[in-house]
Number of protein chains: 2
Amino acid sequence: MEHDFSYYRGKRVLITGGLGFLGSNLACALVGHGASVSVYDALLPLYGGNMFNVEPVKDRVEVIIADIRDRARIGKAVAGKDVVFNIAAQTSHVDSMTEPLLDVEMNCAGQINLLEAVRNSAPECRIVYAGSRAQYGKIDRVPVTEDMHGRPTDIYSANKIAGEMYHFVYSSAFGLKFTSLRISNAYGPRHQMKHGKYGVLNWFIRLAIEGKKIKVFGTGAQMRDYHYVDDVTGAFLLAGMKDEALGEAFNLGGPEPVRFVDMVKTIVETAGSGGYEFVPWPADRKAIEVGDFTADTGKISRALGWRPRMELGEGIRRTVDFYRRFGKEYWR
Amino acid sequence: MEHDFSYYRGKRVLITGGLGFLGSNLACALVGHGASVSVYDALLPLYGGNMFNVEPVKDRVEVIIADIRDRARIGKAVAGKDVVFNIAAQTSHVDSMTEPLLDVEMNCAGQINLLEAVRNSAPECRIVYAGSRAQYGKIDRVPVTEDMHGRPTDIYSANKIAGEMYHFVYSSAFGLKFTSLRISNAYGPRHQMKHGKYGVLNWFIRLAIEGKKIKVFGTGAQMRDYHYVDDVTGAFLLAGMKDEALGEAFNLGGPEPVRFVDMVKTIVETAGSGGYEFVPWPADRKAIEVGDFTADTGKISRALGWRPRMELGEGIRRTVDFYRRFGKEYWR
């Protein structure tokens with residue numbers, strides 16, 4: 001079933017992290033649906049923000065280069081908006097363990113700044129929060145449903161939980177309208193390609209395109225949910241417009257669970273270059289590894305009619321094509 | 001059964017929030033058990049810190065006036081310690097909703113500062129974290145066990161969860177030794193008496209002593225667990241010395257659940273002055289009210305042999321006596 005996104009025609013939409021991977025794909029989609037789009041991004045050097053990401057819509061979006069840690073700027077940006085897609089974040093698990101205070105500043109204080117801005121300047125607007133599978137931490141059975149609670153293994157994961165809790169608090173105390181989408185492993189065009197600290201599937205695509213060898217930690221047998229960015233964008237659009245989404249947290253997931261090593265094989269085969277090898281887990285990764293993770297997406301399917309559509313092979317093919325064509329904009 | 005606290009003889013102990021209610025009672029007990037005690041407190045004006053709290057042991061404790069937001073000072077204070085009682089916090093539910101960023105600074109960033117200090121300067125020491133019943137938020141059945149998850153209703157509660165999660169993360173990733181004690185409603189001598197934003201039982205004692213009328217919001221029928229501070233101190237001492245406590249979170253609770261209004265009646269009767277009246281819930285309190293809360297304390301009873309001993313009537317009598325005697329040190 002195709003969804004009708006005409007709701008967004010003429011809507012004033014703010015996307016924090018709007019020059020990054022998810023945010024920019026969403027910006028492009030929203031422009032297509034006739035929304036008036038502002039993207040807000042700090043363009044921090046190691047993060048996913050990239051002006052090239054909004055190249056196709058650059059004359060039709062407002063670009064605000066600012067940080068969510070800047071209370072005044074975020075307050076001004078939120079004023080008058082109908083929908084806020086709240087995606088800006090520090091997103092590296094590993095960096096959250098070496099720079100935990102930075103993670104608190106961005107993923108806790110930054111979230112408070114956004115919520116205070118909405119409360120003060122746009123209390124009727126809808127907020128869609130980019131949650132994460134990381135919130136479940138180590139969990140003893142899969143697939144994971146939204147009511148399950150594991151133990152987070154890194155500061156990033158703890159703070160994604162905190163950020164979502166803040167939204168629930170502002171929702172119950174001040175009536176803000178929000179939805180949380182707990183993203184599993186998203187991949188596709190417009191992801192940063194500078195390092196493999198997050199979005200490892202995309203990073204592997206770069207390695208394969210460059211003819212390099214992908215390192216698979218341990219046996220690579222852990223199960224994962226990979227979902228193509230267009231599917232994620234669709235979920236954000238639904239969450240930003242449907243009343244059934246209000247006050248809820250939903251899992252996103254892929255069309256079917258995939259073994260990590262099979263994802264790697266698909267990349268190498270699709271790219272027709274590069275290779276892979278098994279290596280032992282590095283200590284910093286092993287310390288925060290959570291084992292199998294697959295999401296039960298029944299809740300969002302029932303409530304919003306969302307289902308992931310893109311098969312992994314086809315999604316990887318499109319991603320490889322994108323980076324073969326535009327790689328020079330991302331390789332820096 | 002009396003516990004043997006000779007473990008603490010000669011131990012170097014740091015208490016953050018050590019001039020406050022729980023911290024200072026703990027400091028006095030630890031000095032009695034022969035520990036070498038340092039108290040670390042910012043003495044923030046509206047908080048519980050009070051130099052008079054350590055009057056009985058003032059020549060036998062090191063007093064460090066500093067803030068947990070000060071990374072350098074906390075790092076220096078932690079070095080060489082055997083046990084850290086991690087109690088400093090912003091503790092007002094209501095203030096966390098008007099100053100949410102302050103709550104993040106103290107209860108998130110401050111916790112990271114403490115954990116980084118332990119990791120870098122005293123990785124072998126034990127940490128006991130002052131958790132809270134607030135972590136359970138709104139919960140649909142009582143008594144509450146440690147594996148239950150409600151939804152926090154204010155930023156303070158969300159950040160107490162975050163703080164505890166950080167401890168678990170540092171424990172699993174870096175091997176730090178910690179225990180969390182989720183305190184329910186503690187009362188007794190040395191609590192601040194300047195306002196009723198937290199520790200409302202104690203605040204009511206002041207009102208009764210001053211012959212004033214206590215306002216009971218709504219029907220006052222909600223169930224609560226009140227525990228006397230000496231019982232809480234005992235739990236902290238056990239958690240700081242027993243291996244069975246490592247890596248665990250434990251509920252604390254009172255000897256029996258009490259209706260809020262019955263607590264008020266006991267205070268008025270014990271003080272022999274003051275009175276009470278029923279008034280509607282103010283909006284800011286109603287927004288964060290969680291309903292009945294009583295804790296199942298079976299886990300700490302089985303693991304550490306802890307049980308609350310002080311009956312509410314006797315505890316209130318002792319507290320009234322303390323403030324009748326020393327009230328002038330707390331009324332400011």
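Biologist: How much of chain A counts as buried?
Modeller: Of its 332 residues, 54% are buried, where buried means that 20 or more other C-beta atoms, placed from the backbone, lie within 10 Å of the residue's own. Keep in mind that this is a predicted model, in which local features need pLDDT of at least 70, side-chain atom pairs count only at pLDDT 80 or more, and totals for chains, interfaces and linings use all residues. Residues are numbered from 1 along each chain as its sequence is written, while chains are lettered from A and ligands numbered from 1 in the order in which they are written.

Biologist: Tell me about E5(A). Which way do its side chains point?
Modeller: Arg126(A), Val128(A), Ala130(A) and Ser132(A) point one way, Ile127(A), Tyr129(A) and Gly131(A) the other, and all are buried.

Biologist: Which strands does E5(A) join?
Modeller: E4 (residues 83-86) of chain A runs parallel to E5(A) with 4 bridges, and Phe85(A) stands opposite Val128(A). E6 (residues 177-183) of chain A is also parallel to E5(A), through 7 bridges, with Lys177(A) as the bridge partner of Arg126(A). Strands pair if DSSP finds at least two bridges between them.

Biologist: Switching topic: how many residues does each chain put into the contact?
Modeller: Chain A gives 25 residues and chain B 26, with contact meaning C-beta atoms, placed from the backbone, within 7 Å. On the side of chain A, H5(A) brings the largest share, 11 residues.

Biologist: How are the two copies related?
Modeller: A rotation of 180° with 0.0 Å of shift along its axis superposes chain A on chain B, at an RMSD of 0.0 Å, so they are related as by a two-fold rotation axis. The superposition is by least squares on the C-alpha atoms of residues with pLDDT of at least 70 in both. In chain A, the C-alpha nearest the axis belongs to Ala162(A), 3.0 Å away.

How values were computed. Contact = placed C-beta atoms within 7 Å. Helix = DSSP H or I, 4+ residues; strand = E, 2+ residues; numbered from the N terminus. Buried ≥ 20, exposed ≤ 12 C-beta atoms within 10 Å, placed from the backbone.
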